[in-house]
Amino acid sequence: MHVDVAFTPDEAVSAPVGIVVDVLRVTSTIAQALAAGYEQILCCAEIEEARALRLVGGERNAQRIEGFDVGASPREFLEARAQTLILSTTNGTRAILAAASQCGEVLLGSLLNLAAVVNAARERGEDVAIICAGFKGAFALDDAYCAGRIVQLLGAERSDAAIAAELVANAYPDAEAGLKARTYGPAGLEEDIAFCACVDALDVVPGLSGMVGTAAEIRA
């Protein structure tokens, strides 16, 4: 079993099993939404695609999109408001769609469901590619930290990029410190950072179940 890491979705990595990481906030939010009772999440790259599907949630630059029902904070999804949630975000939903074209199976990983997603990947017994959402096409320290935590627990043969992600994870004393180390993006996410830093709070493994038009369908 071999593990590789792409620090942005544009990096050319592929594997039988892909784990998408957008720890602040999409993969955390989707895990929380499914745990709360949403049955289906549809991830759209573009705002107009999401509007056409509704109940709609999402953000651009961490701000709720005008006219959308909810944003993308996991704290907004403690209870299900519908069976289906449609999301479109700056980085995470695009990373999910990229992974869908690169990997045989796609899982969504965060700190909230860290052990659950690692156990699911181990059960497959195949090579793994961890695909970080990054920030607007660039390296994102918080995603690299979460990817490194996944690498640590997988215990697989590592690529140089996977070793680098593990070194990032080892550089911080705990999850909240790892997420707070980010130096990019908007301020004001302190409550979401604290929420998303809760390791193993959820026993749910979101996975790509197929495509609905141009949207990636995610179910537990």
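Me: Which residues does I150 touch, leaving out those up to four places away in sequence?
Reply: This is a predicted model. In it, I150 touches I19, V21, L114, V118 and I130.

Me: Which members of the largest nonpolar core touch the most other members?
Reply: V5, I19, I130 and I150. That core has 41 residues.

Me: And which elements each supply at least two residues of this core?
Reply: Three strands are on the list: β1 (2-6), β2 (15-21) and β8 (128-132). The helices are α4 (114-124), α5 (141-154), α6 (160-170), α7 (175-180) and α8 (190-196).

Me: Which one gives the most?
Reply: α5, with eight residues.

Me: What other core lies apart from it?
Reply: One of 33 residues. Among them are A15, L34, C43 and V106.

Me: Back to α5. Is it mostly covered or mostly open?
Reply: Mostly covered. Of its 14 residues, 12 are buried.

Me: Which ones are buried?
Reply: L141, D142, D143, A144, Y145, C146, A147, G148, R149, I150, V151 and L154.

Me: What span should α5 have, and what does the model give?
Reply: At 1.5 Å a residue, its 14 residues should span 20 Å. The end C-alpha atoms are 20 Å apart, so the two agree.

Me: What follows α5?
Reply: G155. Its phi is positive, near 65 degrees.

Me: New topic: L108. Where is it found?
Reply: In strand β7, residues 103-109.

Me: What does L108 touch, not counting residues up to four places away in sequence?
Reply: I19, V20, T27, I30, I96, N113, V117, P206 and I218. I19 also touches I150.

Me: How far apart are the C-alpha atoms of L108 and I30?
Reply: They are separated by 8.2 Å. Along the chain, the two residues are 78 apart.

Me: Now the whole chain. How many helices and strands?
Reply: Eight helices and 11 strands.

Me: What radius of gyration does the chain have, against that of a compact globule?
Reply: The protein chain has 15 Å. With 220 residues, a compact globule would be near 17 Å, so the value agrees.

Me: What does the C-alpha trace span along its principal axes?
Reply: About 45 × 35 × 30 Å.

Me: What share of the residues count as buried?
Reply: 57% of the 220.

Me: And what about the accessible surface?
Reply: About 8,700 Å², with 46% belonging to carbon and sulfur atoms.

Notes: Residues numbered from 1 in each chain as written. Predicted model: local features only at pLDDT ≥ 70, side-chain atom pairs only at ≥ 80, totals over all residues. Heavy atoms only, no water. Core = buried A, V, L, I, M, F, W, Y, C linked by side-chain atoms within 4.5 Å. Buried < 20%, exposed > 50% of the residue type's maximum accessible area, 1.4 Å probe, protein only. Helix = DSSP H or I, 4+ residues; strand = E, 2+ residues; numbered from the N terminus. Contact = heavy atoms within 4.5 Å. Expected span 1.5 Å × (residues − 1). Rg over C-alpha atoms; globule rule 2.2 N^0.38 Å. Areas by Shrake-Rupley, 256 points an atom, 1.4 Å probe, with all protein chains shown as cover.
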